[in-house]
Amino acid sequence: MRYRLTLFLAVILAAAGAEDWPQWRGPHRDGVAAGFREPKAWPEKLTLKWKVAVGEGYSSPVVAGGMIYIHTRRGEQEIVTALLPDTGQTIWQQSYAAPYTVNPAAASHGKGVKSTPAVADGRIFTLGISGILSCFDAKTGKPQWRKDFGPFGYGVATSPLVDRGLLIAYVGNDAHGALTAFDAATGAEKWSWKGDGPAYASPIVVEIAGTRQVVTQSRRNIIGVSADHGELLWQIPFKTVYEQNIVTPVLYRDTLIVSGTGDPIMGVKVSRHGAQWTTETAWQNKDFSLYMSSPVLNGDLLFGFSERKHGQYFCLRPADGTTLWASEGRQADSAAIVAASSVWLMLTPDANLTVARQNEKAFETLRTYSVADSPTWAHPVIMGHGILIKDATNLALWDPS
Amino acid sequence: MKHGMGWFAALLACATLHGATLEWPQFAGPHRNFTSDATGLANSWPPAGPKKLWSRDLGEGYSGIAVDGAVLYTMYRRGSDEVTMAASTATGKTIWEHAEDAGFRSGMAMENGPGPHATPLVTGDSVFAVGILARLLCLDKKTGKVTWSHDLWREFHGTPMDRGYSGSPIAWKGTVIMKVGGAGHALMAFDQKDGKVVWQKQDFANSPSSPVPINVDGQDQLVAAMGDEIAGINPDTGDLLWKHPHATSWNLNIALPLWTAGNLLFVSSAYNGGCVALQLHVTNGKTQVRELWQTHRMRVHIGNLLRIGDTLYGSSGDFGPAPLTAIDVKTGNVLWQDRSFPKATFLYADGKLIAVDEDGNLSLATVSPAGLKVLSRVALLHSNAWTAPALAGTALYVRDRHSLMALDLR
C-alpha cells in the first residue's frame with residue numbers, strides 16, 4: 001500500500017514537472033538537477049538528437065510543462081520560441097521590435113538576449129537585452145503584457161524569477177534602477193526597491209530567519225529585500241572592478257555564499273534579532289574568486305569555477321570555507337555548472353562539456369565532449385536524460401545514453 | 001696566430017650578419033612575421049636550458065628587443081620614468097640610456113603591467129621608440145641623443161589607451177608610420193630625419209596592435225588592425241585602399257596582422273574578436289578583399305600568429321588556458337589544441353618553434369598539422385613573461401619584468 005502511494009506520488013510529481021527546468025539555474029535556481037537520468041556509463045560520444053537555428057544570444061533555454069522555451073534575437077526583433085522536446089519543432093513563436101544600440105565595448109558580444117526566461121503558472125516571462133520585460137501565455141504564446149525599462153551597461157543580463165504570483169526582476173539602469181515585483185498576471189507593480197542600480201547578477205528567493213527575501217548582487221551591494229513588501233532588510237557594500245557584479249548567490253543553511261571578480265569567495269551569515277538584521281563574514285577563502293561562474297551546492301560540498309590560476313575548478317566546505325581540493329589551473333575561460341545526479345557538468349565558452357564525478361577528494365573528470373562550433377555562454381540545461389546546449393545561434397539536444 | 005684567428009672569426013661574423021636577414025631590427029623580426037632565417041639551431045637543449053651568454057637586471061616592461069649588429073635596444077620602466085636603452089649584444093652592458101617622464105595619466109589601468117609595451121625600431125642611424133604615453137622619440141642610435149620627438153596624444157589628439165600606447169613603429173621608405181587614432185589622423189607618417197608630418201589620414205579609433213607593410217600583387221600597402229576594423233592603406237599617402245570589419249570588446253585588436261603566402265592575411269584577437277582569414281588581390285589598382293573564413297576558436301590575446309606551411313598557430317584565449325591551437329589555413333578548422341604550454345609568444349627558425357609562455361618557460365618544439373612535440377623546455381623567466389623573443393643569428397634575447405638575457409641556441 002505504502003509502495004503504491006509512493007509510486008502514485010512519483011507519477012504525480014513527474015506530471016507536475018519533476019523534470020522541469022523552468023528558470024535560470026533550474027527548478028531551485030541553484031544549478032542542481034536532481035531528476036537527471038544519468039547514463040550507466042558516459043559514452044565516448046554524445047548523440048545529437050536535433051539542432052535548430054533559433055537566433056542570437058546567450059540566454060539559456062528553459063523547460064516547463066512539456067515545452068522548451070528559448071529567447072533570442074534576429075535583426076532588430078527579439079523572439080520567444082516554444083519547441084517540442086522530442087524534435088525541436090516550433091510550437092509557437094512570438095516576436096517584438098527591440099531596437100538596441102550595443103555599447104561599443106560589448107559589440108562583439110552581439111545584440112542577442114542574455115537574460116534567461118522564467119516560466120510559472122502558465123506564463124513565460126522574458127527580459128530582453130534592451131530592457132523589455134514581457135509576459136506570454138506559455139501554452140499559446142499569446143502576449144499578456146509588456147514593459148520597456150531601457151538598456152543597461154553591456155546589455156541586460158539579470159534573469160527574472162517568479163515567487164508566489166509575483167514576477168521579480170531587477171530593471172532599469174544605474175540612475176533609474178529598481179528591484180521590482182510585478183503582479184505576474186497583469187504586470188502591475190507591487191513593490192520596488194530603488195536603493196541601488198542593477199547588476200548583471202540574478203536574484204534568488206530564500207527564507208532566512210523566517211523571512212522570505214530576495215537576495216542578489218546589485219550594482220554596488222549585496223542585498224536582502226523582503227519578498228512580500230520590498231523593504232531593504234540588510235545590505236553589504238560589494239563593489240567589483242568595473243562594477244561587474246555577476247554571480248548568483250547560494251544559500252547554505254543561514255550562510256550566503258558570494259563572490260565577485262578580484263574578491264575572495266566568502267560565506268556571509270545573515271541573522272535577525274527582533275527587527276534588526278545583521279550580516280557577518282563567516283569565512284573567506286582567498287584561494288578562489290568567482291567572475292562569471294556561479295557555484296553549485298551538493299549537500300555539504302560547494303563546487304565552483306574560480307578565475308584564479310587562469311581558471312580552476314574547486315570544491316570547498318560551505319560551512320567554513322575549507323578547501324577540499326582545487327584542480328590544476330588553466331582549465332577554461334569560464335564554466336557554466338550544473339550538478340546533475342552524481343556528476344557535475346561544466347560547459348565552457350569554447351563549447352567543451354566536461355563531466356566530472358561529484359567527489360570531495362579530487363577533481364575526477366569522466367569525459368569531455370565538443371558540443372558546438374560557436375561560443376557557448378548559456379548554461380547547459382538538463383531535460384530528462386538529455387542535455388540542451390545553446391550556442392551563439394543554435395539550440396541542440398544531446399543524448400548521453 | 002691568436003690575433004689572426006680573432007680576425008677570421010670577426011670576418012665570419014660579418015659575413016653572417018651581412019647575410020642581411022639575421023638581424024631583428026623591429027617588433028616581430030626582419031619580416032615582421034616572427035620568422036627568422038637563422039640556421040644551425042640545436043635540436044635539443046641541456047636540462048638547464050641553452051647556454052646563457054649573459055643575463056642582467058632590467059626594469060618593468062613588455063617592450064621587445066630590437067637587435068642591430070653588436071647593439072640591442074629595448075625599453076623599461078624605472079620609477080615613473082620610461083627608459084630607452086642601448087646595450088651590447090656581447091655583454092648585455094648598457095651603452096646609453098634616455099629617460100622620459102611617464103607618470104600614469106588619470107584613468108589609466110595598468111594592473112596587467114605598467115609597460116612600456118612597444119618595441120623600438122632601428123633603421124638607418126636612428127632608433128624610434130614609443131612609450132605608454134604615446135610619446136614618439138627619434139634617437140641617435142650611437143648616442144641616444146633625441147633627434148626629434150612627438151607627443152601623439154597631446155599634439156595630435158590620438159585615441160587615449162587606458163592600458164598605455166603599445167603599437168610598435170614601422171619604417172616606410174624615409175618615413176616612420178604610427179597608428180595614432182582619431183578623426184583625420186588615425187595613421188600618420190613622419191619624416192625619419194626631422195619628424196615633420198608627411199601625411200595624416202583616416203578616422204579610425206586606435207588599437208594596441210602594430211602596423212605591417214605588405215605587397216599585394218605588386219602594390220605596396222600598409223595593414224593596420226584599428227579599433228573595430230582592419231584597414232589597408234597606401235603607405236606613401238595614407239589613402240584608404242580597403243577595410244574589413246574586425247570588432248572586439250574595447251577596441252582591443254592587439255596581435256600583429258599576419259601576411260602570408262597566397263596573399264592571405266590573418267587577424268586574430270581575444271575579447272570575442274576571433275580570427276579572420278582574408279585573401280587580397282589587386283586588379284586594376286583596386287583591392288579585392290575576400291573573407292575566406294572566421295573562427296572564434298583562434299583568439300590571440302597578447303601573443304602572435306604564425307603560419308608554417310598551410311597551418312596557422314597561435315595561443316588561443318583571453319585569460320584562461322590559452323592552449324596552442326593549430327588551424328587549417330584553407331578551411332579555418334581547428335586541427336588540434338595542445339596545453340603543453342600556456343599562453344605563449346613565439347618565433348620560428350630553422351624548422352623549430354621557440355616559445356616563451358607567460359609563466360616564464362622557454363620551449364623548443366616542432367609543430368605540424370598532426371601535433372606539437374616539445375623538444376626541450378626550461379623555466380627561465382617569471383610571470384607575466386609577455387615579451388616576444390628576438391633571434392639574431394643564433395643568439396636569442398628574452399626578457400621578463402625583472403631581467404634580460406641572451407642565450408646561444410646553437
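Biologist: Which side chains does the polar contact of 3.5 Å join?

Modeller: Asn298(A) and Gln358(A). A polar contact is a pair of N or O atoms within 3.5 Å; within protein, one must be able to donate a hydrogen and the other to accept it, and residues adjacent in sequence count only if both atoms are side-chain atoms. This is a predicted model: local features need pLDDT of at least 70, side-chain atom pairs count only at pLDDT 80 or more, and totals for chains, interfaces and linings use all residues. Side-chain values use heavy atoms, without hydrogens and water, residues are numbered from 1 along each chain as its sequence is written, and chains are lettered from A in the order in which they are written.

Biologist: Is Asn298(A) buried or exposed?

Modeller: Buried, because its relative accessibility is 17%. The cut-offs: buried is under 20% relative accessible area, exposed over 50%, partly exposed in between (1.4 Å probe, protein chains only).

Biologist: Switching to the interface. How many salt bridges between chain A and chain B?

Modeller: Three. A salt bridge puts a side-chain nitrogen of Lys or Arg within 4 Å of a carboxyl oxygen of Asp or Glu. One joins Arg330(A) and Asp359(B) at 2.9 Å, N to O.

Biologist: And how many residue pairs in polar contact there?

Modeller: Eleven, with both residues at pLDDT 80 or more.

Biologist: How many residues does each chain bring to the contact?

Modeller: Chain A gives 15 residues and chain B gives 21 residues. Contact means heavy atoms within 4.5 Å.
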